[in-house]
Amino acid sequence: MSATGTAAGPGLRRQPGRRRRADDVAGLGRVRAGLFVAPALALIGLFLVFPAVWTIYLGMTDYRLTGLAAANPEFVGLDNFATALGDDEFWHSLWLTLIFVLVSGVIGQTLLGFSVAWALRRVRGWVKSVIETLVLAAWVVPASVASFLWLALLDRRTGTLNALLGTEGTAWLIEYPMVAIIVFNVWVGTAFSMLLFSSALAAVPPSQLESARMVGAGSWQQLRDVVLPNIRGHILTNTLLITLWTFNTFTPYLLTAGGPRDESAILAVYIYTTAIPGGQLGMGAAISLIMLLINLVIALGYLRVARAASGGRR
Amino acid sequence: MRRNLAAIIAGTAAAALVLGACGNDGGSDDPTDGGGDTGGDGPVTLTITLNAIAGGKNAAEADWIENWVIPEFEAAMAADGTEVTVEFEPQGVDDEDYKTKISLDLQSGGGADIIGMDGIWVGEFAEAGYIQPLTAVGGAAVDDWDGWDQISEAVQNALSFNGERYGIPQGADGRVLYYNKDLFAAAGLPEDWQPTSWEEILEAGRALADSGVPIPLQINAGTAMGEATTMQGLLPLLVGTGAEVYADDQWIGGTDELREVLEFYRTVYVDEQLGDAVLQQEASGRDTSFAQFAAGEIGVLLEGDYFWRSVINPAEGVGTAPMENRDEVVGYTRIPATEPGSGINGQDFVSMSGGTGRVLNPNSENPELAWELLAFMNSPEAFEARAAGTLNITPRDDVNAELLSSDPMLTFVSDEVLPITAYRPGLAAYPEVSIALQEATEAVVAGDPVDDALTDYADAVAGIVGEENVNND
């Protein structure tokens, strides 16, 4: 990884520097350096590699939470993977996850977070503090508490939303389950984007903005030609983090439990309902592995984009 | 930033793997596992876990454990020279969540010494090796217990599997139709109601609807209510058609009888909208149905005697949706077959029964002492103390003979309902078939055609038990 990194900007680095980095800087020698790294490697092996291998193994059994298959799980090869990939419910869940990630994460959180940060960039004093605190509160409140608040808000009989809108008797979580969890997730996650973009906007050189104004650039032009190019890296990092978090989030389960009739069963929820209440631990592990692979693909995709972006800037 | 990305990938990978890591290699027999003291002569700790909690679900049972069982047992043991501490780990959640919790407890080799469970879970837990026959855990003292003579074979079967006793049942229950007499009077219906066919139930529902009752009929459906849908909805209707979920070594498939049941659901929830279809899909729909019945918004509700003694019970701190005027306002009547004589065994009226019980944990460090505690909890004195909170039909004939006559509802169940009742099959596949049945009702209630729901169910049940074990005629 470091080799390709330096290769991206060969002209900017001094040749000796590059050689030194590859050599034994600390003078430890291979064995002692290995000893220093060993605890970290052991931890990674124990908590990352072992569970990964274990998931692969479990995914190839018919292991269940109860019944005969719990006592004597049998090896079934790739059956679980074939069943999952041939199952409409899995694809339905994946499709819901895609919508959920795109709308609530990539579009909702990023846009709203950026808008708030942009709107607040010149505001100072208590107004800014109050707004930031409110947005942050949504992020800081524990998920269980937040979901309880939302259950109270959206309740069919005594919900605040129905009282405000005069729509008594509307069961939001039953009639619009996906919309409900998407709005909920935007609410929860906007704070992160806002914070990240706030600091990014503060780092945009004022001189560039000043020059842009001098030549008569409007707000939109400043945003497009000065601000966005400057914070491109931040946007990328933010989108990657949000995509992965949203892809893996389980909190919507607390609102809808995946229902009604799996209409809001995003992948993390689908795995849970399959593996734990459904008792099919082997199948759950198989889908977990598929989910892990999708995660890796997303992350690698962003890595490539990031590399191309940093290469292109030079 | 690149390094951060790598860290993020690693972190995400770890997160995605948490589920996989949850599985492990089954029960550990290591006696030093888990909390408490490790045997010997030192003080011993025993734990009890039940789906009961003070101030919440099954509050009277929780109070009884805390205020009677624990102090009395500790005192009795101290008198014998054994120092024992008993701890209660209360739960107050939906039965499905409770089942998940105890199966994970047992799977990981932990769990309380005495565990409360629904009799219908015994098969799958036993097959998984999570629980063992009482004698294998508690020793010879189990078979010598004098209480067995007082518990009828039918009741013992509720906690048995393959002919072996796995726990002590807590008594029988039965399902009836509850109705609100005030609403009935307003709709011009008789206060002493006894429908003799499904059509008469629907007629009452229509009359209630005309008089402005928000929810005339409430028959449990959907997966959110879990086993309550099967036990307090689909199965009592099914036995009214003359069929059973498991008969002649075959599971029910897409038969005409099941179609009749699903069509009844469709009439109630879709065609005539006598019931609240959305309620069936809500996460806490069952608790809401309790609250709405108590508030006089539901005309007719199919429920077990649990509803009478633990939900609408007006006694202080007992019911979760207490009705001050329960004894005057709430009527109960037997569930009719589709037509007179069309029920199983040619019956005019039908019901379903199940029962909970308590088992010993094979992982217990002090299994013999745990058995002593379990036997103590099922002594006549214990049931009498329990009855001071709320009365229920106990497993013991001697106790029932003495106590039941004080409650007309439980006497009704014992005299009129239990003789005509039916039981679920004690087979490990039942819980899965039950979920398939719940999904069929959910599809119908949500508006799917009955034919589609029936076909999907037949496919699902064939996938669970194998095509050859399904009766589709």
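Guide: Domain bounds come from an automatic or database domain assignment. The model is predicted.

Visitor: How far apart are the centres of domain 1 and domain 2 of chain A?
Guide: Chain A splits into domain 1 (15–59) and domain 2 (78–313). Their centres are taken over C-alpha atoms. The separation is 33 Å.

Visitor: How many residues of domain 2 of chain A are in contact with domain 1 of chain A?
Guide: A contact needs C-beta atoms, placed from the backbone, within 7 Å. Domain 1 of chain A brings 4 residues. That side divides into 2 nonpolar, 2 polar and no charged. From domain 2 of chain A, the number in contact is 8 residues.

Visitor: How far apart do the C-alpha centres of the two domains of chain B lie?
Guide: Domain 1 of chain B covers 44–169 + 355–423. Domain 2 of chain B covers 175–353 + 426–471. Their C-alpha centres lie apart by 28 Å.

Visitor: Which element gives the largest share of the side of domain 1 of chain B that touches domain 2 of chain B?
Guide: The contact takes 34 residues from domain 1 of chain B and 28 residues from domain 2 of chain B. Elements supplying at least two residues of the domain 1 side include α2 (59–79), α3 (95–107) and β16 (421–423) of chain B. The largest share is 6 residues, and its source is α17(B).

Visitor: How many residues on that side of domain 1 of chain B are charged?
Guide: The side that touches domain 2 of chain B has 16 nonpolar residues. Another 11 are polar. The charged residues number 7.

Key
Residues are numbered from 1 along each chain as its sequence is written. Chains are lettered from A and ligands numbered from 1 in the order in which they are written. This is a predicted model: local features need pLDDT of at least 70, side-chain atom pairs count only at pLDDT 80 or more; totals for chains, interfaces and linings use all residues. Two residues are in contact if their C-beta atoms, placed from the backbone, lie within 7 Å. Helices (H or I, at least four residues) and strands (E, at least two) are DSSP runs, numbered from the N terminus. Ala, Val, Leu, Ile, Met, Phe, Trp, Tyr, Cys and Pro count as nonpolar, Asp, Glu, Lys and Arg as charged, and the others, Gly among them, as polar.
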